[in-house]
Amino acid sequence: MMNSPSSPTDILIGKAYSDMGRGPDSYDCWGVCVEVGKILGIPIPDYGEYHCSESDRVFKNFLDKSVMEWDKIKGKPQPGDVLVFKQETKNSCLHFGIVVEDGRHFLQCNRDLGVHRARLNNPYFKQAVLGIYRFRGAE
């Protein structure tokens, strides 16, 4: 956990990981995005019907069915923007994180650490990001 000023999303730090977790005691990576969205007043869709092994279907929603809901961001990320990461795992699952209030960090959740904060400028994450998306909502 990083030392930084307390922010509303800090209440999620330390929560456990659970597959398809949507809180309040445990989350998966998309569940954290949905919960942070609620805290920040951004109605990020749940996509609760997708399992981690189908995370590429969630990403496909950014590109296909829900293209009207998401904008790919090329500039500086803002709080509430969703990061999509490639992940080198046996099931090739994608991973998601969400930019928090200071705009320099994001929250993510994984099996080993649960919900935690990471720096956007971390070289590992910078090379793994497939894209950054901002929810616009259905039009």
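Which side chain meets that of R136 in a salt bridge? In this predicted model, the partner of R136 is D71, with N and O 2.2 Å apart. R136 belongs to the segment that follows strand 8 (129-135), while D71 is part of strand 3 (residues 70-72), so the contact ties together parts separated by 65 residues in sequence. Both side chains fall in the intermediate accessibility class: R136 is partly exposed at 36% relative accessibility, and D71 is partly exposed at 30%.

A salt bridge also joins the side chains of R117 and D10, with an N to O distance of 2.3 Å. R117 is located in strand 7 (residues 114-119) and D10 in the segment before strand 1 (16-17), so this pair links parts that lie 107 residues apart in sequence. R117 has a relative accessible area of 7% and is therefore classed as buried, because the cut-off for that class is under 20%.

R104 and D102 form a further salt bridge, in which the closest N and O atoms are 3.9 Å apart. D102 is partly exposed, with a relative accessibility of 29%. Through shared partners, salt bridges connect D10, D102, R104 and R117 into one network. The R117 to D10 contact and the R104 to D102 contact are among the pairs described here. Under the criterion applied, the count for the model comes to eight salt bridges.

How values were computed. Residues numbered from 1 in each chain as written. Predicted model: local features only at pLDDT ≥ 70, side-chain atom pairs only at ≥ 80, totals over all residues. Heavy atoms only, no water. Salt bridge = Lys/Arg side-chain N within 4 Å of Asp/Glu carboxyl O. Helix = DSSP H or I, 4+ residues; strand = E, 2+ residues; numbered from the N terminus. Buried < 20%, exposed > 50% of the residue type's maximum accessible area, 1.4 Å probe, protein only.
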